[in-house]
Structure formats: structure tokens, C-alpha cells
Amino acid sequence: MDSLKDKVAIVTGGSRGIGRAIVLMLASEGCHVAFNYQKSEEKAKALEKEIKALGVKGKGACVDVKDFDGVKKWIESVKKDFDGLDILVNNAGIVRDKALMLMDPKEWQEVIDTNLTGTFNMARLCIVTFLKQKSGNIVNISSVSGKIGLPRQTNYSASKGGMDTFTKSLAKEVALYNVRVNAVAPGYIETDILENFSDEDKEKLAKIIPLGRMGKPEEVAACVKFLLSEKAQYLTGQIIQMDGGLAIQ
Ligand code: NDP
């Protein structure tokens, strides 16, 4: 994958937070971007306008990553409308934090189905195109929680740990077809996902992060940009921790 200019990218969960920053990074590099969301229709419409103002094609779609058939229809329509497909960024993700002794099966399943099965659905439905054209680039947005495990996140840690080994396994499977698969594993990034954290919690957290602060969505997007660039063309199957040093081992 060379320059991002005139490439076609799909970003899941683009309406807010990290996904939104990735969408805008891609559009400002000249890439045409399709993104999906689940509820944030107004934000998606506003983002579409921002993308188009950057001189590229942009379209948001209300598609649930958990729904294989819905995702299939969406990807087919993107390939037709945008005339191709080069990049997939699996970003859509949710948390349902709770101690295991209180977690009900629905809270377990929803997180696994969104974060892990959603990644499968998207990759499964893009990979044939990438293999046929002998080029493609996948970046999965994982989490340090998948590497080190965090309390009250057995569902989330398991989903992201699964995403990491999914990344490595697929990278080995498709490397000879010129398809690279990598992941970024952020630490704490300032988005709505942290809405249940009080300012006091955030201050305490900042103290245990070696770089002394939370990250910004644009910093994750910059890492994604590198992974998609020609500078990273010998890099596949890697999980890049972007966490201010939180999970240094
Ligand atoms: P946000 O909650 O800010 O945004 C989540 C996005 O995912 C929204 O666009 C949301 O759409 C979309 N989404 C959620 N469920 C679905 C679904 N079933 N189908 C389609 N879209 C869906 O999250 P962040 O930006 O913080 O997180 C993005 C990714 O980064 C996630 O995978 C998360 O696990 C990961 N991450 C985040 C960290 C952080 O501290 N922020 C740390 C480590 C990893 P809608 O707006 O319609 O709800």
C-alpha cells in the first residue's frame, strides 16, 4: 500500500471518538472513506459533510457490525459506489464493565459479538476482495486490556485478546497475497467510552500512566496512518501498544 491518496477505506464505528479521528485522518490524506455507526445519525451526517469538504467521497451507514448479512450488503454497496476497496479499519467497540460475579450472559455476549465477532464479520467479508486483487491493509483497534487484562473487564479483555491473536493468525494466512494485518492497542484515550470515569478517576489514572496523561484520538489515528503507509510495508501481525507507557513490560 503506497500513498493513501485515492484509496478506498472502510472504518467501523466512525461516528465518534477514535473512529472519527481515523476517518478524518484518512480523508485528509486523500482517501475516500465509508464508515458505519449504530445510533449517532446526526454525528454521522455532520462527519459526511466534513469528509466531503476535504475533497474526497465519504458516506456513513447505520449498520450493526454484529449482523453478518447487514455488513455483507454494506460492503458490497461501498465497493460499487466507491469503485474498489483497499483498507479496512476495525474500530467499532463497546464496554460493559462489571465484576464477573455480577456479569450476566447478555453483557458477556454483547461485548464479544461487537468487538470480536464484528471484527470477524468485517474481515471475512473484505478478505476475498483483498486476496483477489493481491493488495489490502487491515488495522484492528484493540486495547491494552487485551494484553494485560483489567479487573471488571473479563468480557472486554477476552474480546480484545481474541482480536490480537486473530490479527496475528490472519497476518500469517494472507501475507503472501500482499495483505498486511496489524493492530493498535490503545491505553486510556479521551473519548465517550470513558464517560463513567469521574474527573477524580481520570486524575488518578493519569498518575499511573508513565507519560502522565491520557491519549487523544488523533494520536491513535497517527499510528493507524503509519501502519497503512509504505513506511510500514515490512510490518505485519503486530500489535502496537499506544498507551503512554501504561503497559510497558
Ligand atoms: P466510542 O464509544 O467513543 O465510539 C464507539 C464507536 O463504535 C461509535 O461510532 C459507535 O457508534 C460504534 N459502534 C458501537 N457498537 C457498534 C456496532 N454494533 N455496530 C457499528 N458501530 C458500532 O469509543 P472509542 O472511540 O473510545 O473506541 C473506539 C475503539 O477503540 C473501540 O474498539 C475501543 O474498544 C477501543 N479502545 C478505546 C480506548 C479508550 O480509552 N477510548 C482504549 C482502548 C481501546 P454510535 O455512535 O452509533 O454508538
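These legends describe close-up views of a predicted model.

**View 1**
The shell around the ligand holds 33 residues. Ser15, Lys39, Ser40, Tyr156 and Thr191 come nearest. By class, this shell has 13 nonpolar, 14 polar and 6 charged residues.

**View 1. Polar groups facing the ligand oxygens.**
Which part of Gln38 lies 2.7 Å from a ligand oxygen, backbone or side chain? A backbone N or O atom of Gln38 does. Tyr156 uses its side chain instead: a polar atom there lies 2.5 Å from an oxygen atom of the ligand. Tyr156 is also among the residues that come nearest to the ligand. Lys160 places a polar side-chain atom 2.9 Å from an oxygen atom of the ligand. How much of the ligand does the protein bury? Taken alone, the ligand exposes 910 Å². The protein buries 96% of that area.

The ligand sits in the largest pocket.

**View 2. The lining of the largest pocket.**
The largest pocket has a volume of about 1400 Å³. Its lining counts 47 residues. Gly93, Ile94, Val95, Asp192 and Ile193 lie nearest the centre of this pocket. H1, E2, helix H4 (105-133) and H6 each supply two or more lining residues. Which element gives the most to this lining? H1 does, with 3 residues. The lining divides by class into 19 nonpolar, 17 polar and 11 charged residues.

**View 3. The second largest pocket.**
About 180 Å³ of space lies in the second largest pocket. The lining of this pocket has 14 residues. Arg213, Gly215, Glu219, Asp243 and Gly244 are the closest to its centre. By class, 7 of the lining residues are nonpolar, 3 are polar and 4 are charged.

How many cavities of 30 Å³ or more does a search of the whole structure find? The search finds 1. The largest cavity holds about 40 Å³ of space. Its lining consists of Thr12, Val65, Asn90, Asn91, Ala92, Thr114, Gly118, Thr119, Met122 and Met163. H4 gives the most to this lining, with 4 residues. The lining of the largest cavity has 4 nonpolar and 6 polar residues, and no charged residues.

Most residues other than glycine have a negative phi. Asp6 has a positive phi of about 65°, although it is not a glycine. Where does Asp6 lie? Asp6 is in the segment before strand E1 (8-11). Asn178, likewise not a glycine, has a positive phi of about 65°. Asn178 lies in the loop between H6 and strand E6 (179-186).

Conventions
Residues numbered from 1 in each chain as written. Predicted model: local features only at pLDDT ≥ 70, side-chain atom pairs only at ≥ 80, totals over all residues. Heavy atoms only, no water. Near = heavy atom within 4 Å. Polar contact = N/O pair within 3.5 Å; in protein donor to acceptor, adjacent residues only side chain to side chain. Areas by Shrake-Rupley, 256 points an atom, 1.4 Å probe, with all protein chains shown as cover. 1 Å grid on protein atoms, 1.4 Å probe; cavity = no way out; pocket = protein on both sides within 12 Å on 5 of 7 lines; lining within 4 Å. Sits in = over half its atoms within 2 Å of the grid points. Nonpolar A, V, L, I, M, F, W, Y, C, P; charged D, E, K, R; others polar. Points joined across faces, edges and corners; volume = space filled by probe spheres on them.
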